[in-house]
Amino acid sequence: MAVQTSDDNTAEALLRVEHLCQYFRKGKNVNKAVSDVSFTINKGEVFGLVGESGCGKTTTGRAIIGLYQPTSGAIYYGGERIDGLGKRGRKKLASKIQMIYQDPISSLDPRMTVYDIIAEGLLINGERNRDRLDSKVYEILELVGLTKEHAARFPHEFSGGQRQRIGIARAVIMEPELIIADEPVSALDVSVQAQVINLLNDLRQRLGLTILFIAHDLSVVKYFSDRIGVMYFGRLVELASSKELFDHPLHPYTRSLLSAIPLPDPVYEKMRQRQVYRPGEDGDPDYLGEDTSLLEVREGHFVMCTEKIRESLAGEIDESV
Ligand SMILES: Nc1ncnc2c1ncn2[C@@H]1O[C@H](COP(=O)(O)OP(=O)(O)OP(=O)(O)O)[C@@H](O)[C@H]1O
Ligand SMILES: [Mg+2]
């Protein structure tokens with residue numbers, strides 16, 4: 001069944017993830033890393049995927065680029081089904097979808113120069129012309145705020161922020177349409193985080209990129225994302241436009257994530273109470289029980305809940321606007 005998880009019917013869907021399940025089996029145990037996750041990313045938009053450590057964000061990204069064969073569900077790119085592609089199909093897809101990896105230290109081969117790291121994708125695609133390779137690599141280095149002189153150096157000679165720029169250059173040189181940026185700033189100092197986010201935003205506008213931006217912190221994705229999906233223990237529990245999610249967070253887990261964000265306002269900070277989400281406890285209705293599914297509470301705003309909760313949330317939201 002097709003899932004309409006976008007609020008803009010006129011926008012062109014670039015990526016469609018439908019009922020994705022990715023389970024890992026270890027002996028008798030099954031880890032449901034991603035469970036029945038559906039969302040759509042439109043062309044040119046930044047989609048933020050947020051949730052705490054271990055909730056399945058990276059696994060979702062890795063399933064999209066074909067590193068895993070999904071347990072069930074389907075993934076469509078530009079209308080074409082891409083889960084379960086063979087080696088050749090995946091290679092073709094690699095020039096359209098690129099991933100910026102979570103850890104800028106371990107994702108760059110320490111024995112390769114920056115030049116070789118950035119040029120690798122083009123070489124794999126069969127580019128052999130040295131002049132073309134040189135000019136592309138140097139151009140991309142400039143684009144991400146590094147210089148030609150950096151090309152001959154090795155990853156360990158760079159700071160965390162610079163390494164992340166190398167990771168971005170390696171992805172961007174392939175001229176992808178979609179970039180999966182997996183926590184590209186989590187390992188960085190706050191001051192450097194803003195620089196890398198600005199760089200991604202700039203590249204998005206200049207190159208017309210579509211971005212799946214993965215983060216564990218809602219404050220990081222707030223200004224950068226058009227829409228946000230919130231994950232909790234392998235499930236997508238809320239999905240809405242960025243503004244709608246911050247104005248009307250409806251799932252108790254999203255509310256708990258928002259309550260964790262400090263604001264530079266001493267009065268608010270004094271009042272701020274951290275809400276901890278304990279599913280089904282304290283007499284709260286259970287938003288994750290067996291009879292729950294991702295339901296549209298109002299246009300483009302989806303919440304994991306039961307039909308009864310959906311009705312009461314819709315009423316609550318109508319009263320508040
Ligand atoms: N290759 C794998 N084999 C077995 N289990 C895995 C594998 N990859 C991930 N997992 C498990 O799947 C779950 C989700 O992991 P995932 O890396 O997707 O989380 P995440 O949301 O990206 O977390 P983080 O914010 O810490 O990066 C975890 O319980 C993890 O242990
Ligand atoms: Mg991860």
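Which hand does the crossing of H3 and H5 have? The crossing of H3 and H5 is right-handed, meaning that the near helix is turned clockwise from the far one by less than a right angle. Keep in mind that this is a predicted model: local features need pLDDT of at least 70, side-chain atom pairs count only at pLDDT 80 or more, and totals for chains, interfaces and linings use all residues. Residues are numbered from 1 along each chain as its sequence is written, chains are lettered from A and ligands numbered from 1 in the order in which they are written, and side-chain values use heavy atoms, with hydrogens and water left out.

**The helix pair**
- H3 and helix H5 (residues 160–172) pack at an angle of about 30°, and their axes are 7 Å apart; axes here are lines fitted to C-alpha atoms, for helices over the stretch in contact, with angles from 0 to 180 degrees between N-to-C directions.
- That makes H3 roughly parallel to H5, a label for angles under 35 degrees.
- On the H3 side, Val114, Ile117 and Ile118 meet Ile166, Ala169 and Arg170 of H5, where contact means heavy atoms within 4.5 Å.
- Helices (H or I, at least four residues) and strands (E, at least two) are DSSP runs, numbered from the N terminus.

**The magnesium site**
- Thr58 (OG1) and Gln102 (OE1) coordinate the magnesium ion (ligand 2) at 1.9 to 2.4 Å; donors are N, O and S atoms within 2.8 Å of the metal (3.2 Å for Na, K and Ca), and since water is not among the atoms, sites may look incomplete.
- The two come from distant parts of the chain, 44 residues apart: Thr58 sits in helix H1 (residues 57–64), and Gln102 in the loop between strand E6 (97–100) and helix H3 (114–124).
- Thr58 counts as partly exposed because its relative accessibility is 24%; buried means under 20% relative accessible area, exposed over 50%, and partly exposed in between (1.4 Å probe, protein chains only).
- Gln102, at 35%, also counts as partly exposed.

**The sheet**
- Four strands make an open, antiparallel sheet in the order E2-E1-E4-E5; strands pair if DSSP finds at least two bridges between them.
- E2 and strand E5 (80–81) are the edge strands, each pairing on one side only.
- Two bridges join strand E4 (residues 72–77) to E5, and Tyr76 stands opposite Arg81 in E5.
- H1 packs on the sheet, touching strand E1 (13–26), E2 and E4, and its direction makes about 115° with that of E1.

**Ser35**
- You'll find Ser35 in strand E2 (residues 29–42), and at 16% relative accessible area Ser35 is buried.
- Among the residues Ser35 touches are Leu20, Tyr23 and Arg235.

Terms used: Angles under 35 degrees count as roughly parallel, over 145 as roughly antiparallel, 65 to 115 as roughly perpendicular and the rest as oblique. Lists of a residue's contacts leave out its neighbours within four places in sequence.
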